[in-house]
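Please consult the sequence and the structure shown here.

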Amino acid sequence: MPELPEVEAIVGQLAARSAGKVVVAGHLVAFSALKTYALGLESLSGLEVSSVTRHGKFINVDAQGVHLIFHLARAGWVTWHEQVPRSLPRPGKSPIALRIEFDDGSGFSLTEAGTQRHLAVYVVASPKEVPGIAALGPDPLGEDFTVEVLAGILLDAGRSQIKGVLRDQKRIAGIGNAYSDEILHASRLSPFTPANTVDAADLYRHVREVLAGAMEAIEGVDMGKLKDVKRRGLRVHGRAGEPCDVCGTTIAEVSFADSSLQYCPGCQTGGKLLADRRMSKLLK
């Protein structure tokens, strides 16, 4: 899933490539992706792109007050076209969900890999009309995200597991499964640590450092290569069975119904292996 650093990079590249261009057409291929109906894609036609911005993991293409907003979910991505292909695939026969075409022949496609369809597209007059945006917590790289704000979030979360708190978009916007694993590894925290026992100042420092480091690593990288650069920079996430590059302990994993987390027992849990919830159920 693209998270804050990758989404920020995509936003920057879309802004640089599309600013000032006029939308000629929007072609919806996966009809389930469009979540709003008051304004259709045709309302974008003839409008000039004013800006491209980010709200958490949502991308907002503002065309003179009409906002094309999309969330890439777990398997979505953006592909830029210097020349938009003339033919459109049939619905259900391609990973393409939406294609936007500009007046100079360029444009971009939204694609989604796999069989599950969670990519979401909204055409609205205001970003606040998108429920997910209206409910977002503070941006962890924003000026309003301070140690005091994080301390309040942790206190309010009570004994909720810190892994879930970091991923909860209503508490903190933009952090997902991968970077929450990375932040907890850098902080030397078990993912199951109760939130209200965490040192807010220490966690704050590592949130900022991990996200800033990820953004620095992908600076200038074309959006088509962002996923590969992200994978190479991860120290625990997606690396179960490999040695931790800090202490040498084998990185372990906890699996859930539709996701998993990775952690280093040596760095984060005092050598203790956490119970794998999926395996525990099978052994009952």
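A search of the whole structure finds one cavity of 30 Å³ or more (on a 1 Å grid over the protein atoms alone, a set of points where a 1.4 Å probe fits but cannot get out). The model is predicted: local features need pLDDT of at least 70, side-chain atom pairs count only at pLDDT 80 or more, and totals for chains, interfaces and linings use all residues. Residues are numbered from 1 along each chain as its sequence is written, and side-chain values use heavy atoms, without hydrogens and water.

**Cavity**
- The volume of the largest cavity is about 50 Å³, taken as the space filled by probe spheres set on the points.
- Its lining (residues with an atom within 4 Å of a point) includes Val23, Leu44, Phe102 and Phe108.
- Strand E3 (58–63) and strand E6 (96–102) are the elements that give two or more residues to this lining.

**Nonpolar cores**
- The largest nonpolar core has 38 residues, of which Leu14, Leu68, Phe70 and Phe108 touch the most other members; a core joins buried Ala, Val, Leu, Ile, Met, Phe, Trp, Tyr and Cys residues through side-chain atoms within 4.5 Å.
- Helix H1 (residues 4–18) gives the most to this core, with five residues.
- Apart from it lies another core of 26 residues, including Phe145 and Leu211.

**Backbone**
- Glutamine 64, in the loop between E3 and strand E4 (66–71), has a positive phi of about 50°.
- Alanine 73 also has a positive phi, of about 55°.

Definitions and conventions
1 Å grid on protein atoms, 1.4 Å probe; cavity = no way out; pocket = protein on both sides within 12 Å on 5 of 7 lines; lining within 4 Å. Helix = DSSP H or I, 4+ residues; strand = E, 2+ residues; numbered from the N terminus. Buried < 20%, exposed > 50% of the residue type's maximum accessible area, 1.4 Å probe, protein only.
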